[in-house]
Amino acid sequence: MLTPQDPPPRVLVADDVPDVIEALRLLLKAEGFQVLTASSPEAVVARVGDSDVDAVLMDLNYTRDTTSGQEGLDLLARIKAIDQTVPVIVMTAWSSVDLAVEAMRRGARDFLQKPWENDRLLAVVQTQVELGRALRRGLRLEAENEALRTEPRPTLVSASPAMAPVVRTIERVGPSDANVLITGENGTGKTLVARALHAASGRAARAMVTVNVGGLSEGVFESELFGHVKGAFTDAKTDRVGRFELADGGTLFLDEIANLGMAQQVRLLRVLETGEFERVGSSRTRRISVRILAATNADLGDSVAAGGFRQDLLFRLNTVEIRVPPLRERREDIPALAALFLRQHARHYRKAITGFDDNAVQALSEHQWPGNVRELDHAVERAVLMTLGPAVRAADLSLRPAKDGATRLEEMSLEEVEAFLVKKALARYDGNVSLAANALGLSRSALYRRLQRYGL
């Protein structure tokens with residue numbers, strides 16, 4: 001049953017007789033329906049493609065053929081190809097049992113004979129509107145249940161000075177609808193920052209939908225993000241709601257954004273610019289209101305300069321940028337993070353572990369953590385499984401110490417290796433930026449950006 005909070009039902013009335021259209025328009029309008037009209041099959045297809053309608057009430061006979069109903073049956077198939085969920089109620093003055101059965105077989109929800117009875121017509125339309133809306137809600141909930149199975153949002157540990165800019169930016173930008181680009185090494189907690197931004201926004205009551213766009217192949221990109229209709233391709237057995245549609249009114253988090261191919265970037269840019277898209281296999285344009293959060297461990301400025309990323313897309317994504325520092329820059333947070341992970345994993349594995357002994361605390365503090373917070377989480381989980389006593393020991397952590405106080409190259413992150421090579425090149429050429437940039441295969445501007453990033 002429709003509630004007062006539901007928007008007024010939109011019904012498309014289609015007939016080639018103006019007097020019939022006007023009579024139905026007045027009848028439905030008096031009962032609170034919003035009425036759209038069309039007088040030809042082409043106009044019906046255009047209306048269904050351009051507008052969100054709750055039901056279609058259409059004649060089966062038009063000017064090309066006024067008796068057989070074939071033109072209306074063909075139109076019914078075209079409507080279903082655009083939107084499988086919209087209820088279609090067919091009418092004809094030349095009714096027959098065979099024609100009614102055929103219309104229902106092709107997807108019509110009900111059948112009315114002219115001249116109609118007002119009470120029955122209104123009852124049929126009301127029933128089909130409610131059933132259609134229930135079907136759409138069910139499909140959306142089913143897709144959400146599949147797409148939104150995420151773990152509870154972890155606590156954002158942020159006591160270190162290096163995290164202060166992150167926290168301030170979340171506080172200032174979170175309540176807005178601004179698109180945010182979140183950068184940082186792998187494992188630093190970019191997804192966690194995205195969840196904090198969503199939780200601080202006016203969209204927090206709606207879903208935050210996450211998709212690893214870098215992991216989508218060319219063949220499934222459009223279907224995953226925009227959805228598809230039944231029959232759009234071989235494996236499209238049913239309609240599918242895309243991630244943009246699932247996130248309507250909420251937040252869409254696009255992880256690994258730097259790995260998008262150029263063709264995929266063009267399709268994404270169009271949606272970000274217009275707020276419009278079509279499901280694969282459908283001509284119906286849909287509008288959405290979505291806040292975009294994106295994350296990457298790459299330097300998109302360098303990718304733009306190299307021709308691998310569109311500058312106009314970067315501008316759309318990067319209204320505000322938040323850089324999440326690596327764990328080695330926020331060592332003050334290591335004890336709190338380790339304690340948090342210890343509680344989570346001890347509870348999960350049902351082990352009575354109270355904390356870390358002194359040697360374990362020292363090992364945690366001295367380790368370089370090239371894998372950042374993710375590596376710390378895995379190390380603590382492993383320790384919880386291995387320890388036999390009430391406290392985690394250093395040996396339980398299985399951390400490999402660096403030789404001679406230096407981190408081995410294979411233990412470094414990409415950013416650490418890059419900073420190391422930049423420093424070596426500058427030292428080799430006595431601080432000459434031009435020569436160092438040439439030796440590294442970089443432009444002067446690209447090298448200056450790295451010098452600023454690494455504080456060199």
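## The main nonpolar core

The largest nonpolar core in this predicted model has 33 residues. The residues with the most contacts inside this core are L225, F244, L252, L254, I257 and L268. Eight elements each supply at least two of the core residues: β7 (208-212), α8, α9 (243-246), β10 (251-255), α10, β13 (291-296), α11 (300-305) and α12 (311-317). Helix α10 gives the largest share, four residues.

L252 shows how the chain is brought together here. Set aside its neighbours within four places in sequence, and L252 is in contact with V209, V211, R243, F244, A247, V290, R291, I292 and L293. A second core is separate and has 25 residues, with M58, L60, V86 and V90 among them.

## Helix α8 and its surroundings

Helix α8 has these buried residues: F221, S223, E224, L225 and F226. They pack against β7, β8 (227-228), β9 (240-241), α9, α10 and β11 (276-278). After α8 comes G227, with a positive phi near 85 degrees.

## α8 against α10

Two packed helices are described by the angle between their axes and the distance between the axes. Helix α8 (residues 218-226) and helix α10 (residues 262-274) have axes that come within 10 Å and cross at roughly 15 degrees. Angles under 35 degrees count as roughly parallel, so α8 is roughly parallel to α10. The crossing of α8 past α10 is right-handed.

On the α8 side, the contact is made by E218, F221, E222, L225 and F226. On the α10 side, A263, Q264, R267, L268 and V271 make it. By class, this contact has six nonpolar, one polar and three charged residues. L225 and L268 also belong to the group with the most contacts inside the largest core.

## α2 against α3

Another helix pair is formed by α2 (residues 41-50) and α3 (residues 70-82). These helices pack at an angle of about 15 degrees, and their axes are 10 Å apart. That angle makes α2 roughly parallel to α3. The crossing of α2 past α3 is right-handed.

From α2, the contact takes P41, E42, V44, V45, V48 and G49. From α3, it takes E71, L75, R78, I79 and I82. Seven of the contact residues are nonpolar, one is polar and three are charged.

## Backbone exceptions

K114 and P115 are joined by a cis peptide bond, with omega about -5 degrees. P115 sits in the loop between β5 (110-113) and α5 (118-147).

For R350, phi is about 55 degrees. R350 is in the loop between α13 (334-349) and β15 (355-356). Its relative accessibility is 79%, so R350 counts as exposed. For W369, phi is about 50 degrees. W369 lies in the loop between α14 (358-366) and α15 (372-386). At 0% relative accessibility, W369 counts as buried.

Notes
Residues are numbered from 1 along each chain as its sequence is written. This is a predicted model: local features need pLDDT of at least 70, side-chain atom pairs count only at pLDDT 80 or more; totals for chains, interfaces and linings use all residues. Side-chain values use heavy atoms; hydrogens and water are left out. Axes are lines fitted to C-alpha atoms, for helices over the stretch in contact, and angles run from 0 to 180 degrees between N-to-C directions. Angles under 35 degrees count as roughly parallel, over 145 as roughly antiparallel, 65 to 115 as roughly perpendicular and the rest as oblique. A crossing is left-handed if the near helix is turned anticlockwise from the far one by less than a right angle, and right-handed if clockwise. Contact means heavy atoms within 4.5 Å. Ala, Val, Leu, Ile, Met, Phe, Trp, Tyr, Cys and Pro count as nonpolar, Asp, Glu, Lys and Arg as charged, and the others, Gly among them, as polar. A nonpolar core is a set of buried Ala, Val, Leu, Ile, Met, Phe, Trp, Tyr and Cys residues joined through side-chain atoms within 4.5 Å. Buried means under 20% relative accessible area, exposed over 50%, partly exposed in between (1.4 Å probe, protein chains only).
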